[in-house]
Amino acid sequence: MGRPKTIIDADHTESGYWRDLWEYRGLFSFLAWRDLLVRYKQTVIGVAWAVIRPLLTIVVFSFFRAFLSEDVNVNAAIISVTVATIPWQLFSSSLSESSSSLIANSNLITKVYFPRIIIPVSTIMVCLADFAISLVILASLMIYFGEVPGTEVFFLPLFVLLTLFASLGLGLFLSALNVKYRDFRYVVPFVVQLGLFVSPIAINSNEIYGSATIPDFVKGLYSLNPMVAVIDGFRFCLLGTQWVVNPTGLMISLSSSVVLLIIGIWYFRKTERGFADII
Amino acid sequence: MGNTVIKAEHISKEFFLRKAQAGNYTALRDVIVDRFRSVSKGQLSRNQKESFLALDDVSFEVQAGDRVGIVGRNGAGKSTLLKILSRIIAPTRGRITIEGRLASLLEVGTGFHPELTGRENIFLNGSILGMSRNEIQRKFDEIVAFAEVERFLDTPVKRYSSGMYVRLAFAVAAHLEPEVLVVDEVLAVGDAAFQKKCLGRMSEVAREGRTILFVSHNMEAVQRLCNKGILLEKGKVALDGSIDQVIRGYITSNSSSKSVINIEIPDNNEQLPGFAKSVSFLNENGTLTGLVPVTSDYSIEMEIVINKPLDHFIAGIGFITITEVPFRTIWTAPQQIEPGVYKVRFSMNDVHLAPGAYKLVIGLSNNESSFHYVENQVVLDISDASEKKIDERIVNLRSGLIVNQVPYEIKKV
């Protein structure tokens, strides 16, 4: 008999979780598709939202950048800020959307079974679509300024993946916490806001790592932010080799996003079975 | 046949009742404050939690092809059981083994999004209920035809009338093809014609040999659809057997078949002209009985208290089937009555009812206005056991409501 067998047991989490996840892959794409449809149906300017939000950040931070650095090359400032803003937008929107996603879908959680992890992951897909749109903006901007990336551009998907891992790890953790303690929804905007300033958007990692006055442990703390590696990587891939990625910094960022992801998945899996009880 | 599809062993579900708090959710802030307080007082906050067993050691088995009706009063644990079977919540103790794909329908239109069109929602809802894209595509036309919404397929469902919305939602669910289907009280929606259609569809699904678990308060629907039943009472399995047995158990459990049924005394009984205190059943010999044997005479006696002199007093009893069909009324002729305690006895020696439970409605009135009306408290239980052996051969489930013999003769011609 080829029928699937399900065992619901009080003591263990189901062993078939990952098999279920595969079976429910259809639902995953449908939820992502729904979020996309709804997003662009409900708003008047639809797709424009995906453009306006990063654009505003770019304008503001380009000013900062132009004032902060000695070489007052406005074009270079705009390009470098844009390249940094785009992955940052992906990270921050994935983080905020995924961490509130379980609450937003509580009607599903209390009425149907599916691996709950589908919800936060599928919301990140919508952010990825926005990201694709902003990549188009970036491309047109680069063409306008006559900036042609070298072969390093092929490393870009790796850094996109790193962004997704970092936001997913933190997003899973916060979304699960949000189910139990609703005040975590105030934590997320705070993290995002803080992150904007400790990430190398207006600043340049090379200035930090190369500085003689900044103590090493501050440099280490700075590298803990996974977005440091991501943004440095984006600049390296798109703007060329004068943006050197600091290897130690990269390793630290990489490990912190892996740790975040592991903690996120672990905590999510641990609390998942109780979601419907308390949501 | 006869292979077990669902095997539930000692399922318990414990809920923790939080002490009344400002909101219905926890804030970390409160948790921290509570911990701090309890530490400073030198006691643990854990033992302040009150727990409540929604399900208490529930075990049962369901065979392939069974249509099981799960009945019980509100709070008996029916929905909790369905949610555990559907894997929405996890049991606190116990183990369930399910063979085959199980789909659950706890709500009509789960995941419907108002902004999306009917077409889009069919795909979305279908996938939420566990259908694959191909499966939905294959059944798409059938679903649309069932829901009767062809013309509005590309309209956002927020513009649908509530009837259309429900039809579409049920149509998707009705075309699920799992081995086991779990259905909560979803038939309570829609108009009568649509409810009939839904029930029809469910029986069709049942005929295809699928296993169904069905929760409803509509005993008629349960009786029509199911062959087996489980009666839950306060989180425990009170009865597990044929559907007729279980329905009778459910009806009589509402006010267990006692020989004297005390009626709740109304709060304002002092001001009322009078009220009914109790109802009892007496068998042919005039002794109290809780169970009246089929085809035998009996009497119904009610004890009433009259507070004021009344000049046009009537006492009446209405008979209602478990499927909520009123079918008989008996009453006393209008008369003058003085204050006091009375017993009114109706001799039921004309019509004999088929075995089963019947709800009795008690009414007292004066001058054609009723002053005490008692519903859902008194149940008359007619037993299928009878001293008259011959009756067993005549009376069965298909005998209808009334099983009387009338004068007859058989003449050889």
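## Chain B overall

Of the 413 residues in chain B, 37% count as buried. The model described here is a predicted one. Chain B contains nine helices and 19 strands. Among the contacts in chain B with a separation of 6 or more, residues 24 or more positions apart account for 70%.

Chain B is divided into domain 1, which comprises 4-14 + 53-253, and domain 2, which covers 260-399. The C-alpha centres of these two domains of chain B lie 37 Å apart.

## Contact between the domains of chain B

Seven residues of domain 1 of chain B are in contact with seven residues of domain 2 of chain B. On the domain 1 side, the elements that give two or more residues are helix 7 (219-225) and helix 8 (243-253) of chain B. Helix 8 of chain B gives the most to this side, with five residues. By class, the residues that domain 1 of chain B presents to domain 2 of chain B divide into three nonpolar, one polar and three charged.

## The six-stranded sheet of chain B

An open sheet of chain B is formed by six strands in the order 5-6-7-3-8-9, and its pairing is mixed. Strand 5 (102-105) and strand 9 (236-242) of chain B are the edge strands, each pairing on one side only. On average, neighbouring strands of this sheet are turned by 15° against each other, direction ignored.

At one end of this order, strand 8 (residues 228-233) of chain B pairs with strand 9 of chain B in the antiparallel sense, over six bridges. Glu233(B) has Lys236(B), in strand 9 of chain B, as its bridge partner.

## The four-stranded sheet of chain B

Another open sheet of chain B has four strands in the order 10-11-13-17, with antiparallel pairing. Strand 10 (260-262) and strand 17 (340-348) of chain B stand at the edges with a single partner strand each, so one side of each is left without a neighbour in the sheet. The twist from one strand to the next averages 20°.

Strand 10 of chain B is joined by three bridges to strand 11 (residues 274-282) of chain B, and the two run antiparallel. Within strand 11 of chain B, Ser278(B) is the residue that stands opposite Asn262(B).

## The interface between chains A and B

In the contact between the two chains, 29 residues of chain A meet 41 residues of chain B. The elements that give two or more residues to the chain A side are strand 1 (5-9), helix 2 (25-42), helix 5 (106-109) and helix 13 of chain A. Helix 2 of chain A gives the most, with eight residues. By class, the chain A side has 13 nonpolar, five polar and eleven charged residues.

Strand pairing also links the chains. Five bridges join strand 1 of chain A to strand 4 (residues 93-99) of chain B, and these strands run antiparallel. Ile8(A) stands opposite Ile96(B) in strand 4 of chain B.

## Helix 12 of chain A

Helix 12 (residues 247-272) of chain A has 26 residues and reaches 37 Å from its first C-alpha to its last, close to the 38 Å expected at 1.5 Å a residue. The buried residues of helix 12 of chain A are Gly249(A), Ile252(A), Ser253(A), Ser257(A), Leu260(A), Leu261(A), Gly264(A), Phe268(A) and Glu272(A). An α-helix has 3.6 residues a turn, so residues three or four places apart point the same way. The cover over the buried residues of helix 12 of chain A includes helix 7 (156-180), helix 9 (205-210), helix 10 (216-224), helix 11 (226-239) and helix 13 (275-278) of chain A.

Why does Ser257(A) count as buried? Ser257(A) is found in helix 12 of chain A. The threshold for burial is 20 or more other C-beta atoms within 10 Å, and Ser257(A) counts as buried because it has 26 C-beta neighbours inside 10 Å. Not counting residues up to four places away in sequence, Ser257(A) touches Leu162(A), Phe165(A), Ala166(A), Gly169(A) and Pro226(A). Ser257(A) and Gly169(A) are 88 residues apart in sequence, yet 7.3 Å apart in space, C-alpha to C-alpha.

Notes: Residues numbered from 1 in each chain as written. Chains lettered and ligands numbered in written order. Predicted model: local features only at pLDDT ≥ 70, side-chain atom pairs only at ≥ 80, totals over all residues. Expected span 1.5 Å × (residues − 1). Buried ≥ 20, exposed ≤ 12 C-beta atoms within 10 Å, placed from the backbone. Pairing = 2+ DSSP bridges. Axes fitted to C-alpha atoms, helices over the stretch in contact; angles between N-to-C directions. Domains from an automatic or database assignment. Nonpolar A, V, L, I, M, F, W, Y, C, P; charged D, E, K, R; others polar.
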